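Let's take a walk through a protein model together. Have the sequence and the 3D view open as you read.

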Amino acid sequence: MPRLRPTPFCGWWKGLVLFLSAGGLIAQPAGFPGGGTSFRNTSLGENALASIDLSGDFLSRAPESAMNVAVGYAALLSNTTGYRNVAVGAFALGANVSGHGNVAIGRSTLGASISGAENTAVGNESLSWLQSGSGNVAVGSGAGAWLTNGSDNLYLGTTTAFPGGRPASESGIIRIGDIDGRHRALFLGGIQEADASTAWPLAIQRDGKVVRLTSLPDMPGGTPVVVDAAGHLGRMATGGDANAVVGAGAVPGSILLLRSGSPAPTGFTRLGVLRSEYRADGSGVKDITFDLYVKP
């Protein structure tokens, strides 16, 4: 006589979810209080979606309180009218009340956010102190954990961008990696040749901020990295006008001093030579010569 394989069964009964498998019956709280419709929400874990407002009917209130997913202890604990949120991990989006479209994966991710929308946090405690703000993206354990207020930020593996990780507020900022010494080298693929006449050279300040320069630096043995108006990174094309970028955006009457012998910048007229003397620390007097240019 063939043996019958136990078939898992799941059903609703008086506010309990019943699991029947392998000869055992397990009952656990349904996760939605009041015995009302689930509004297409899904919860798994103690106190997950415990405060969801299921009053009224789905058609009249949609999308409020609908289509949330909460997995883990106290995930979306305070959510009442927020909708289309995904919280996976203990305390993930735990303080959210009305925010929508958030994705929080990891313990305490977006744990303090109350009404923020469309935030994405992946990694334990990422964006954990964000109280208000929308459109932020943080990837990595603790990424952006110090941010308290702000929108449209992008953090990749950035955990201590501010000294001591102190709380901060900012918007529209991109931070990649830490500047505390853990990340010591940066390699980027896809950087191709670029026309120096239509681009600006880039530099990195001591605080890690990337800025555009108004003049081309002298880089013996190196190749300047430039960015065009579309934000495309490129290396200075070999054999091009190395100083063409210097004159970009310069107004008539602008004066330039370039190291003697440097290629003439585009759009400038040479006036002559300027000689000066200087005394370096611990050395004698030295001469320095510049070519003087003006933009007509």
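Glu-125 is partly exposed, with a relative accessibility of 33%. (Buried means under 20% relative accessible area, exposed means over 50%, and partly exposed is in between, using a 1.4 Å probe and protein chains only.) Its partner is Arg-107, and the closest N and O atoms of this salt bridge are 3.0 Å apart. (A salt bridge here is a side-chain nitrogen of Lys or Arg within 4 Å of a carboxyl oxygen of Asp or Glu.) Arg-107 sits in the loop between β7 (103–105) and β8 (120–122), while Glu-125 sits in the loop between β8 and β9 (137–139), so the pair ties together parts that are 18 residues apart in sequence. Arg-107 counts as partly exposed too, at 41% relative accessibility.

## What kind of model this is

Before going further, a word on where the numbers come from. This is a predicted model, in which local features need pLDDT of at least 70, side-chain atom pairs count only at pLDDT 80 or more, and totals for chains, interfaces and linings use all residues. Residues are numbered from 1 along each chain as its sequence is written, and side-chain values use heavy atoms, with hydrogens and water left out.

The pLDDT score is the predictor's confidence in each residue, from 0 to 100. Averaged over the chain it comes to 76, and 67% of the residues score at least 70. Over residues 1–31 the pLDDT stays under 50, and the model has 41 contacts for them beyond four places in sequence. Residues 33–37 are also below 50, and that stretch has 5 contacts beyond near neighbours in sequence. (Contact means heavy atoms within 4.5 Å.)

## The chain as a whole

The chain has 296 residues, and buried ones make up 33% of them. You can find 1 helix and 21 strands in it. (These are DSSP runs numbered from the N terminus: helices are H or I with at least four residues, strands are E with at least two.) Among contacts between residues at least 6 apart in sequence, 23% join residues at least 24 apart.

What about the surface? The chain exposes about 17300 Å², and carbon and sulfur atoms supply 58% of that. (Accessible areas come from the Shrake-Rupley method with a 1.4 Å probe, and for residues only the protein chains shown count as cover.)

How many salt bridges does a search of the whole structure find? It finds 5. In one of them, Asp-291 pairs with Arg-270, with the closest N and O atoms 3.1 Å apart. This pair links distant parts of the chain: Asp-291 is in strand β21 (residues 285–294) and Arg-270 is in strand β20 (residues 269–279), 21 residues apart. Asp-291 is buried at 5% relative accessibility, whereas Arg-270 is partly exposed at 45%.

Another salt bridge joins Asp-53 and Arg-61, whose closest N and O atoms are 3.5 Å apart. Asp-53 is partly exposed at 25% relative accessibility, but Arg-61 is buried at 13%. Together with Glu-64, these two residues are linked in a network of salt bridges.

## The nonpolar core

Which residues touch the most other members of the largest nonpolar core? They are Leu-110 and Leu-127, out of 24 residues. (A nonpolar core is a set of buried Ala, Val, Leu, Ile, Met, Phe, Trp, Tyr and Cys residues joined through side-chain atoms within 4.5 Å.) Leaving out residues up to four places away in sequence, Leu-110 touches a list of residues including Leu-93, Val-103, Asn-119, Leu-127 and Leu-130.

## Two buried asparagines

Asn-119 lies in the loop between β7 and β8. It is buried, with a relative accessible area of 0%. A polar atom of the Asn-119 side chain is 2.9 Å from the backbone oxygen of Gly-133, and one is 3.3 Å from the backbone nitrogen of Gly-135. Beyond its neighbours within four places in sequence, Asn-119 contacts several residues, among them Gly-101, Leu-110, Ser-113 and Asn-136.

Is Asn-79 buried or exposed? Asn-79 counts as buried, at 0% relative accessibility. You'll find Asn-79 in the loop between β5 (69–71) and β6 (86–88). Not counting residues up to four places away in sequence, Asn-79 touches residues including Leu-49, Ile-52, Asn-96 and Gly-99.

Note on methods: A polar contact is a pair of N or O atoms within 3.5 Å; within protein, one must be able to donate a hydrogen and the other to accept it, and residues adjacent in sequence count only if both atoms are side-chain atoms.
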